[in-house]
Structure formats: structure tokens, C-alpha cells
Amino acid sequence: MSKFVIKLLSPAKVNLGLWLLGKRDDGYHEIFTIYHTVSLFDEVFIKEGPLKVETSNNIPQEENLVYKALRLMERRLGKELEFSVYIHKNIPQGAGLGGGSSNCALVLKAINSLLGEPLSIEELKEIAQSVSSDAVFFLYGGTAVGRGRGEAVEPIRHVDLKITLIYPNLQVSTRRVYSMVSHTSLTPNLDSDKIIQSVLEGRFEVLENRLGELAMELFPEMREVYRFVEYLGYRPMISGSGSCIFYIGEASQEVKKGALLRGWKLYQVRSYDGV
Ligand SMILES: C[C@](O)(CO)[C@H](O)COP(=O)(O)OP(=O)(O)OC[C@H]1O[C@@H](n2ccc(N)nc2=O)[C@H](O)[C@@H]1O
Ligand SMILES: Nc1ncnc2c1ncn2[C@@H]1O[C@H](COP(=O)(O)OP(=O)(O)OP(=O)(O)O)[C@@H](O)[C@H]1O
């Protein structure tokens, strides 16, 4: 194999709504969400070499979801992988934007194709879902319904949106926010078809994120962002377990100035259809 370096873009996601349907026996929560990739990317470089995964923000290799996935891939293939991966991180961590899960799915797909696709999509999904609940969605990208603990993914027609993300520099632990879920946060009889229909018709007022609301109880600065966006006339939404707040629309000068003044990071992104 000749020396090569390939560069890939690893997109972030937002959740267009997230509902908690119940607590599962395995300790996870049954959720309904609409995943949506956006044009904020980590840059992933893959080259021939000893198996290693390094990132621009020095995530310990053993903790890196990409490394965990590649070790599982080695086990499944019954051979060592000879690829070195470097990830330049642009997606903020602990933001509810799925950066690690995105990296994991992208590298799994890329290395599988470099090896001539020895693993089927089903096998890739099995590896992805054992690494994180969000990773399966990123094997598809675009717009998709997520059920189960998020690993049961069903792509739907892609919607094309302009989205403004505001990150208040808070790293939120997904596990910690989920640990706050009580029966009052559950929506057991959700009309998911109605929600999907509304989103496909561009009607977003039905969207809510019960998990994000719990995160806002933990982190008052998330509520400050939420209220700031609301005050300026937009409809704030929380992505995943937070801390990122987003809204559908572009950032006015007021939003840009306000975010800058408060030290929040603002990203103007568009929908990304995953190809
Ligand atoms: C919040 C979301 O990001 C929305 O897309 C996902 O639901 C969470 O996906 P994720 O970050 O990939 O989560 P994982 O890494 O699989 O799980 C982290 C922790 O979150 C909790 N967790 C996660 C997913 C889920 N449906 N129920 C849970 O209770 C579990 O305690 C788990 O140990
Ligand atoms: N490749 C990676 N990129 C970013 N974080 C990673 C990666 N691998 C492991 N992690 C660990 O996972 C933690 C959360 O990762 P990430 O930022 O992807 O989740 P998130 O932004 O909270 O997304 P979500 O809540 O939607 O899953 C990080 O704090 C980091 O310790």
C-alpha cells in the first residue's frame, strides 16, 4: 500500500427535538429524536502507519471513541489495523454536538472502505452502537429519526436550514444530565409521526428537548443563553444534553455582538446532508 494521507470532514449534529419515553432495563433511556448534521466539522487525517489516534486537544487515546471503535474493528477482522489517525477538533466538546461520535463513525466507514469493505453496514452499526448511542446516526448523516437509546436510526427526507449555534464554553456530561431524568421528564405517549410530519413541513414549534431542559437546571449560563436568544426574537433549542443552544436562522448583528460580549462562541452553520 503506497504512503497516503486522506482528509475527511466530520460533521457536528443538532437534535431537532428530543423526547424521553422511559427508562430501559439496561440503565439507558428510551428516546425519540431527530438528528440533523450541520456544517461545523472536525478535520480527520488518516495515513498508513501504526494504529494510533491523536487529537489537537490531546484526548487520551484510550478514551478516544475512534480508538475504541478501531480496536473493536481489529477484533472483528482478526487482524491489526495499520492506520494512524489525527483529528483537528473544531467541534466544541461536551456541547451536545456529537463530535466524538461523528469522528468514530467517519473513521470506521473510511477505514472499512480503504480495506475494500470487509465489514457490512450492519457490522459497522454494531461496532458504532457499542461505542456510543449517537455514533450510529453518523454512519448516515443528514436528517434521521433516532429511537431506542439513539442507535435505532431511520433516515428521513433532508431539510435545508440555516442554523446559529451558541456555545457558552461549558462542557456538559451527558451521563450526568441523563442521571437527572425522573418520571416528570417523560413523554410516554408521544405522537412521533406528527412531529416528523411537522419537521418535514418546516413547522418547528412542536420541537422540545426534555433532556436539555434538565441540563439548563444544572447550568444557569445555559439559561442565560436561552433567554438571550429568546429576547432577541428567536426560538431557542438545546442540542442533545447541552451545553449548546441553537436556533433556526442567521445571526443578526445584535446576536453576534451579544455573544461576543459575553464570551460565548457563535457558529453560523447550514444543514449538511452527509455526502
Ligand atoms: C444526548 C444525545 O447526545 C442526543 O443525541 C444522546 O442521547 C446521547 O448519546 P451519546 O453521547 O452517544 O451517549 P452515550 O455515550 O451512548 O451514553 C453516555 C451516557 O448517557 C446515558 N444515556 C445515553 C443515551 C440514552 N439514550 N440514555 C442514557 O441514559 C447513559 O448513562 C450513558 O452511560
Ligand atoms: N474523538 C473525540 N472527540 C471529542 N470527544 C471525545 C472523542 N473521543 C472521546 N471523547 C470524549 O467524549 C466526551 C464527549 O464527547 P463529545 O464532545 O463528542 O460529546 P458531546 O459534545 O457531549 O455530544 P453529545 O452530548 O451529543 O453526545 C469528551 O468530553 C471526550 O472526553
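Figure 1. Helices (H or I, at least four residues) and strands (E, at least two) are DSSP runs, numbered from the N terminus. This is a predicted model, in which local features need pLDDT of at least 70 and side-chain atom pairs count only at pLDDT 80 or more, while totals for chains, interfaces and linings use all residues; side-chain values use heavy atoms, with hydrogens and water left out. Residues are numbered from 1 along each chain as its sequence is written, and chains are lettered from A and ligands numbered from 1 in the order in which they are written.

**Figure 2. How H2 is covered by its surroundings.** Here 12 of the 16 residues of H2 are buried, so the helix is mostly covered (buried means under 20% relative accessible area, exposed over 50%, partly exposed in between, with a 1.4 Å probe and protein chains only). Among the buried residues you will find Gly99, Asn103, Leu106, Val107, Leu108 and Ile111. The buried residues of H2 pack against strand S1 (5–23), S2, H1, S4, H3 and H4. Which residues does Leu108 touch, leaving aside its neighbours within four places in sequence? Leu108 is in contact (heavy atoms within 4.5 Å) with Ala69, Met73, Leu124, Ile127 and Ala128.

Figure 3. In soluble globular proteins, nonpolar side chains tend to be buried together. A nonpolar core here is a set of buried Ala, Val, Leu, Ile, Met, Phe, Trp, Tyr and Cys residues joined through side-chain atoms within 4.5 Å. The largest such core has 35 residues, and those with the most contacts inside it are Ile46, Leu70, Met73, Val85, Val107, Leu108 and Ile111. Two or more residues of this core come from each of strand S2 (29–48), helix H1 (65–77), strand S4 (83–88), helix H2 (99–114), helix H3 (121–131) and helix H4 (135–140). H2 gives the largest share, seven residues. A second, separate core has 29 residues, including Ala12, Leu16, Val145 and Leu207.

**Figure 4. The surroundings of ligand 2.** Ligand 2 has 19 residues around it (a residue counts if one of its heavy atoms lies within 4 Å), and the closest are Lys13, Lys89, Gly98, Gly100 and Asn103. Polar contacts are pairs of N or O atoms within 3.5 Å; within protein, one must be able to donate a hydrogen and the other to accept it, and residues adjacent in sequence count only if both atoms are side-chain atoms. A backbone N or O atom of Leu65 lies 3.0 Å from a nitrogen atom of ligand 2. An oxygen atom of ligand 2 is 3.1 Å from a polar backbone atom of Ala95, and another view of the site shows a polar side-chain atom of Asp134 at 3.1 Å from an oxygen atom of ligand 2.

**Figure 5. The surroundings of ligand 1.** Around ligand 1 there are 19 residues, of which the closest are His29, Ser133, Asp134, Arg149 and Tyr178. An N or O atom in the side chain of Asp134 is 2.6 Å from an oxygen atom of ligand 1. A polar side-chain atom of Lys13 lies 3.2 Å from an oxygen atom of ligand 1, and a polar backbone atom of Arg149 is 3.0 Å from a nitrogen atom of this ligand.

**Figure 6. Gly49 in its loop.** Gly49 sits in the loop between S2 and strand S3 (52–55). Is Gly49 buried or exposed? Gly49 is buried, with a relative accessible area of 18%. Not counting residues up to four places away in sequence, Gly49 touches Glu82, Phe83 and Ser84.

Figure 7. Most residues other than glycine have a negative phi, and most peptide bonds are trans. Asn58, in the loop between S3 and H1, has a positive phi near 55° and is exposed, with a relative accessible area of 64%. Asn169, in the loop between strand S7 (162–167) and helix H5 (174–178), also has a positive phi, about 55°, and is partly exposed at 43% relative accessible area. The peptide bond from Gly242 to Ser243 is cis, with omega near 15°; Ser243 lies in the loop between strand S8 (237–238) and strand S9 (245–248).
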